[in-house]
Each structure stands twice: as structure tokens, then as C-alpha cells.
Amino acid sequence: VGTEKINTDIVTLTRFLTEEQTKHKEATGDFTLLCHALQFSFKSIAYYIRRATLINLTGLAGSANVTGDDQKKLDVIGNDIFVAAMKSCAKVRMLVSEEEEEIIMFDDYPDAKYAVACDPIDGSSNLDAGVSVGTIFGIFRLAEGSKGTKEDLLLPGTSLVASGFTMYGASAQLVITMKGGNVNGFTLDNALGEFILTHPDMQMPKKRAIYSVNEGNSLYWEDPVKDYINTLKYPSEGEKPYSARYIGSMVADAYRTLLYGGIFAYPADKKSPKGKLRILYECAPMAMVFENAGGQAIDSHMKRMLEVVPEHIHDRSGIFLGSYDEVQKVIDVHKKYM
Ligand code: AHG
Ligand code: MN
Ligand code: MN
Ligand code: MN
């Protein structure tokens, strides 16, 4: 290839964050420093995940978390890496993690303005099989004069200032969005140790005949959900059935849905009346990414996901997440039952 083909003007995540910061005259740089700590935690978690089988880091830790999940060794390692990174950046007041029963208060930084919710390893049941897993994060800016209690974090997703995830798949893919902004995707270049902007301004397809749900829960689904899924599998005359894709790691299913289009669903059902996925560190951050990419995200009551307020830090919700028109179909079917 001729030298004219070499891209010498590479946009790293670091450069992207600097450019974002310069757009806000009043910015102090605190958010930028928080994001640098975030990206370090992704690089570090990626490193351990890729080596897990080699250094006996697969398998169970022998403990369970407050939501009843058996913790994998990497759940605990990922959590510890994430907590250390958030604490050491000195910009985070409090942190909610799937793997921590109680909210973590960083009392060394009483004036820190940000609160973070995270799922250190999402899809960890897939880890031992080498299937893609990820880290999901949501960043809230605390209201002026917040007392620094856990109630400060029982906020709807509309309060998020940024959210996203990193999927540890064939390569490490970071997707991040800011409130009112667009969605940008970065790929970790292991040689440089830098996330490189590879998917600027991600806009998801308005529709796509792919559905992603655990059909093993069909027995427990409410009638509107059964009805909706059947319209995809047994369409009216002349239409083709949807294709089914379910990985079982939300981050992987979400990333595919973001890129290809379609719908991801984890409905509340008779077995899990409040759904399985946790609002603060799974549903809300993903909902913001999908809305900013032109999609929709709703709960099992057809309410906009970003307006759902968690009752406690590990509160759960049903969720339908995907292309705008595909989520609209869910709403249209449910309307028949309202
Ligand atoms: P986590 O590994 O963080 O506990 O999350 C697991 C979640 C999510 O990643 C995935 O969409 C869902 O569990 C899969 O649940 P089922 O195995 O019940 O389908
Ligand atoms: Mn878990
Ligand atoms: Mn998860
Ligand atoms: Mn998890």
C-alpha cells in the first residue's frame, strides 16, 4: 500500500475525550479523568479475561452476589479492578456494582461530582466457554448539595451523563455515548494499548428481522409477549420469519443488535415478575446507548426505559431494546391487551 493509504491522524479514545472536553467551555476535566480511569479498567479486565484459562482464573469464586448470581473468579477480579480504578481517579463519590451488595462511598473524595454504576463482567456464565462477555457502565453527575447517600443514585436513566460498555470479543470493542450526544465505537489496538475510533456516530438500522430472547423462558411469558414473539416466528402470509440469535451475554447480544439491527428482549415473566436485568447497571446504560443510536428501549409495561426509577440499587426490570420500528411492534402488540 502506498504511504497515502496509511492513516497517520489516528483518533484514540484519549484524543476523542480531549475533543469532547473542549466542546464544553465550563469543563473542569474531571469527567475526562474519570473516563481515563474507566478505559484503564477495560484494558486491564480484557487482559485478565484473555489469559483466564492460562492462569486458572476461570470457574467459580465460591461466593454469590446479592442478586443471587454465583460469582465467577473473574466477576470478583473485574469488580476489584473497576473499584480500584474508580477510587484512584478521585472524581467519583460513590459506586454501585453488581458484585457489591452495598453502595461503595469514596469518603476520601466528599466533593467528587460523579457517581458510577457498573456491571464489571456481564455474561459471566459464558466465561468458561470462551464466549464474549463485557463490562457495562453508567455515569451520573450528582445534584448540587447531594448528601452522598445511596438515594442519590436511585435515579432514572435520563439522569445519566454518559454510559456504554466494552465487549471482550474477538477484539475489545468499547461503545460510549454522552447525554444528548451520539454513539461512538472504539477498538482496542493491543499493540498500542489504545482504544481507536473505528465506529464513529453509530446509527442503528430502523428495522431488521433478527430477534434475541431466551426462548427457554417461553413457558413463563405473559400473553402479550407470547403473541408478539409468535408474530415474528409465524408471520402473516408472504412474510419471512425472523432469524433467532441469542448469545446469553447482554453486551454481546446488544452490540450485535446495535450494529445489525433487530430486537433484544428480556421480558418480565411469571418466574421473574420484575425481569432479570438490573436497571442501574444493565438496562439504563444500554437504553441510553440505543436511544442515542436512533433505537428505542422500553420496559415490560411499555414505559420508556430511561424514565424507570429503581426502587433499590439492584432493582430489576423487563426490557425490550432495539431498532426503532422493532420496538414499536412490541408496543403495538401490547396495546391490544391494554
Ligand atoms: P451477568 O453475567 O452480569 O449477571 O448478566 C447476565 C445477564 C445478561 O448478560 C444476559 O442477557 C442474561 O443474564 C442472560 O440470562 P439467561 O441466561 O437467563 O438467558
Ligand atoms: Mn451476575
Ligand atoms: Mn450483566
Ligand atoms: Mn455481571
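**View 1. The manganese ion (ligand 2) is held by two protein donors.** The donors are Asp69, through OD, and Glu98, through OE, and they lie 2.0 Å from the manganese ion (ligand 2). This pair links distant parts of the chain, since Asp69 sits in the loop between strand S1 (60-64) and strand S2 (70-72), while Glu98 sits in the loop between strand S3 (92-97) and strand S4 (104-105), 29 residues apart. Asp69 has a relative accessibility of 25% and therefore counts as partly exposed, whereas Glu98, with a relative accessibility of 3%, counts as buried. A further manganese ion (ligand 3) belongs to this view, and 5.5 Å separate it from the manganese ion (ligand 2).

**View 2. The manganese ion (ligand 4) has Glu98, Asp119 and Ile121 as its protein donors.** Glu98 contributes OE, Asp119 contributes OD and Ile121 contributes O, at distances of 2.0 to 2.2 Å from the manganese ion (ligand 4). Along the chain, these donors follow the spacing E-x20-D-x1-I. Glu98 coordinates both the manganese ion (ligand 4) and the manganese ion (ligand 2), which are 3.7 Å apart. Because Glu98 lies in the loop between S3 and S4 and Ile121 lies in strand S5, the pair ties together parts that are 23 residues apart in sequence. Glu98 and Ile121 are both buried.

**View 3. Side chains of Glu98, Asn214 and Lys276 approach oxygen atoms of ligand 1.** A polar side-chain atom of Glu98, the residue that also coordinates two manganese ions, lies 2.9 Å from an oxygen atom of ligand 1. In the side chain of Asn214, an N or O atom is 2.9 Å from an oxygen atom of ligand 1, and for the side chain of Lys276 the corresponding distance is 3.0 Å. On its own, ligand 1 has 460 Å² of accessible area, of which the protein covers 87%.

**View 4. Asp201 and Met302 have positive phi values although neither of them is a glycine.** Asp201, with a phi of about 50°, lies in the loop between strand S10 (194-199) and strand S11 (210-212). Met302, with a phi near 65°, lies in the loop between strand S14 (296-298) and strand S15 (319-322).

**View 5. The whole predicted model is shown with its confidence values.** The protein averages a pLDDT of 95, and 100% of the residues score at least 70. For the complex, the predictor gives an ipTM of 0.99 together with a pTM of 0.97.

Methods
Residues are numbered from 1 along each chain as its sequence is written. Chains are lettered from A and ligands numbered from 1 in the order in which they are written. This is a predicted model: local features need pLDDT of at least 70, side-chain atom pairs count only at pLDDT 80 or more; totals for chains, interfaces and linings use all residues. Side-chain values use heavy atoms; hydrogens and water are left out. Donors are N, O and S atoms within 2.8 Å of the metal (3.2 Å for Na, K and Ca); water is not among the atoms, so sites may look incomplete. Helices (H or I, at least four residues) and strands (E, at least two) are DSSP runs, numbered from the N terminus. Buried means under 20% relative accessible area, exposed over 50%, partly exposed in between (1.4 Å probe, protein chains only). A polar contact is a pair of N or O atoms within 3.5 Å; within protein, one must be able to donate a hydrogen and the other to accept it, and residues adjacent in sequence count only if both atoms are side-chain atoms. Accessible areas come from the Shrake-Rupley method with a 1.4 Å probe; for residues, only the protein chains shown count as cover. pLDDT is the predictor's confidence in each residue, from 0 to 100.
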